[in-house]
Amino acid sequence: MALNLIKLCVGADSVDDLRAWIDFRLAEKRAAGEPAESIHTTRMVPKRGDEIIGEGSLYWVIKGRVQCRQRITDIRPFVDGEGISRCRIVLDPEVVLTRPQPKRPFQGWRYYKAEDVPADINGDDEGMETLPADMRNELADLGLI
């Protein structure tokens, strides 16, 4: 069973904002001749990286709810120019919608067990991915999804 990470998506007001940011950063990297990878840099290195890479995902909390995820393809520890240990979490650029799940604020990232993660929204959900996020969240609050 895969181990996942969960993190607040600071600065994004919606999943569409996150997708736009990812697209912008990938285009920026391509223009600079760098590898077009979706990378999130964090201070702490997951000690259980071997349980995460390839199978696990980074679940994003946006506006107080887990709303989407990106698959984690690599974890790369490094030391920055100031001598501080950091970590690059390499993510698949595809953002997968999940059923909205409330989550209180927290700092940094946390491990997120497979049994705790919300289900993905997929083709079996009869167009739920086309609903506005506010409507999906309201339906989740009412216990209808």
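Let's start with the core. The largest nonpolar core has 22 residues. Leu5, Leu18, Trp60, Cys68 and Ile72 have the most contacts inside it. By nonpolar core I mean a set of buried Ala, Val, Leu, Ile, Met, Phe, Trp, Tyr and Cys residues joined through side-chain atoms within 4.5 Å. Buried is under 20% relative accessible area, exposed over 50%, partly exposed in between, with a 1.4 Å probe and protein chains only.

Five elements, β1, α1, β3, β4 and β5, each supply at least two residues of this core. The largest share is from α1, with four residues. A second, separate core has six residues, including Ile6, Tyr59, Val61 and Phe106.

A word on the model. It is predicted: local features need pLDDT of at least 70, side-chain atom pairs count only at pLDDT 80 or more, and totals for chains, interfaces and linings use all residues. Residues are numbered from 1 along each chain as its sequence is written, and side-chain values use heavy atoms, with hydrogens and water left out.

Next, the strands. Helices (H or I, at least four residues) and strands (E, at least two) are DSSP runs, numbered from the N terminus. Two strands pair if DSSP finds at least two bridges between them. β3, residues 57–62, pairs antiparallel with β4, residues 65–79, over six bridges. Trp60 has Cys68 of β4 as its bridge partner. Two residues lie between β3 and β4 in their hairpin, and Lys63 there takes a positive phi near 55°.

β4 also runs antiparallel to β6, residues 96–102, with four bridges. Here Cys68 is partnered by Leu97. With β5, residues 85–91, β4 pairs antiparallel over seven bridges. Ile75 stands opposite Ile89. The β4–β5 hairpin has five residues between the strands, and Gly83 in the turn has a positive phi of about 80°.

Last, the largest pocket. A pocket is an open set of points on a 1 Å grid over the protein atoms alone, where a 1.4 Å probe fits, with protein on both sides within 12 Å along at least five of seven lines; lining residues have an atom within 4 Å of a point. About 370 Å³ of space lies in it. Its lining has 21 residues, and Leu18, Trp21, Ile39, His40 and Trp60 lie nearest the centre. α1 gives the most to this lining, seven residues.

Definitions and conventions:
Points joined across faces, edges and corners; volume = space filled by probe spheres on them.
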